[in-house]
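Have the sequence and the 3D view open as you read.

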Amino acid sequence: MDPAEKRMKDIKEAFDQFDTDNKGTISTKELANILKYLGQDPSDEELDNYMKELDPESTGTIDFLQMMKILTKAVKDDDTIDELMASFRVFDVDNTGTIPTAEMRYILIEMGEKMTAQDVKDILKEMDPDDSGMCKYVDYVKKKYEDLQVAKAKAAKLKAKKKKK
């Protein structure tokens, strides 16, 4: 088991440990405990920001996918691609590098990010370009990571140019 898969397993076990009623949700109050259990040490301000982002209607609960969103933000850039791959692997039961498009649509809608129907459609088109009914998340994540690295390099160049002026 690679480190990302082990981390994903640890995260799922921690979530399940705090999901005492087996409803697939935890109390927002338990988020701090889970993060600490997983070796994170968020400040009170960070926790408040997470709560506002994950539970804007103040329902008092978050689900596993929402928690993964926070943990993905909490990792270092170098770990992000591994963490993202690991989060998709949870849904890739056959370990093929693909997830059924219908399931991916559900994941995108339920991840906590407010997306328009067009945004979801565009992402699914990128992940399933040949309309096979299977999203190729490995290719998609690698491409997005490469795009991010290019964008960071461009931003660094622009910043360097501005400093020279």
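Where is the place of Asn95? Asn95 sits in the loop between H5 and E3, and we'll come back to that loop below.

## What you're looking at

This is a predicted model, in which local features need pLDDT of at least 70 and side-chain atom pairs count only at pLDDT 80 or more, while totals for chains, interfaces and linings use all residues. Residues are numbered from 1 along each chain as its sequence is written, and side-chain values use heavy atoms, with hydrogens and water left out.

The chain has eight helices and four strands. Both are DSSP runs, numbered from the N terminus: helices are H or I with at least four residues, strands are E with at least two. Reading from the N terminus, the order is α-β-α-α-β-α-α-β-α-α-β-α.

Of the chain's 165 residues, 32% count as buried. Buried means under 20% relative accessible area, exposed means over 50%, and partly exposed is in between, using a 1.4 Å probe and protein chains only.

In soluble globular proteins, nonpolar side chains tend to be buried together. A nonpolar core here is a set of buried Ala, Val, Leu, Ile, Met, Phe, Trp, Tyr and Cys residues joined through side-chain atoms within 4.5 Å. The largest one has 17 residues, and Ile26, Leu31, Ile34 and Met67 touch the most other members. Helices H1 (3-18), H2 (31-37), H3 (44-54) and H4 (64-74) each supply at least two residues of this core. There is also a second, separate core of 15 residues, including Met85, Phe88, Ile99 and Val120.

Leaving aside neighbours within four places in sequence, Ile26 is in contact with residues including Phe15, Phe18, Leu31, Ile34 and Met67.

A search of the whole structure turns up two aromatic pairs. In one of them, the ring centres of Phe15 and Phe64 are 5.4 Å apart with the planes at 75°, so the pair is edge-to-face. (Rings of Phe, Tyr and Trp, the last by its six-membered ring, pair if their centres lie within 6.5 Å; planes under 30 degrees apart count as stacked, over 60 as edge-to-face and the rest as tilted.) Phe15 belongs to helix H1 and Phe64 to helix H4, so the pair ties together parts that are 49 residues apart in sequence.

Lys12 lies over the face of Phe64, 4.9 Å from the ring centre. For that label, NZ of Lys or CZ of Arg has to be within 6 Å of the ring centre and within 35 degrees of the ring normal.

## Loops worth a look

Back to Asn95: its phi is near 55°, a positive value in a residue other than glycine, and Asn95 is exposed at 58% relative accessible area. Ser58, in the loop between H3 and strand E2 (61-63), also has a phi near 55° and is exposed at 61%.

Which residues does Thr98 touch, not counting those up to four places away in sequence? They are Asp92, Met134, Cys135, Lys136 and Tyr137. Thr98 is found in the loop between helix H5 (77-89) and strand E3 (99-100), and is buried at 17%. Its side chain makes a polar contact of 2.6 Å with that of Thr96. (A polar contact is a pair of N or O atoms within 3.5 Å; within protein, one must be able to donate a hydrogen and the other to accept it, and residues adjacent in sequence count only if both atoms are side-chain atoms.)

Thr28, in the loop between strand E1 (25-27) and H2, is buried too, at 12%.

Note on methods
Contact = heavy atoms within 4.5 Å.
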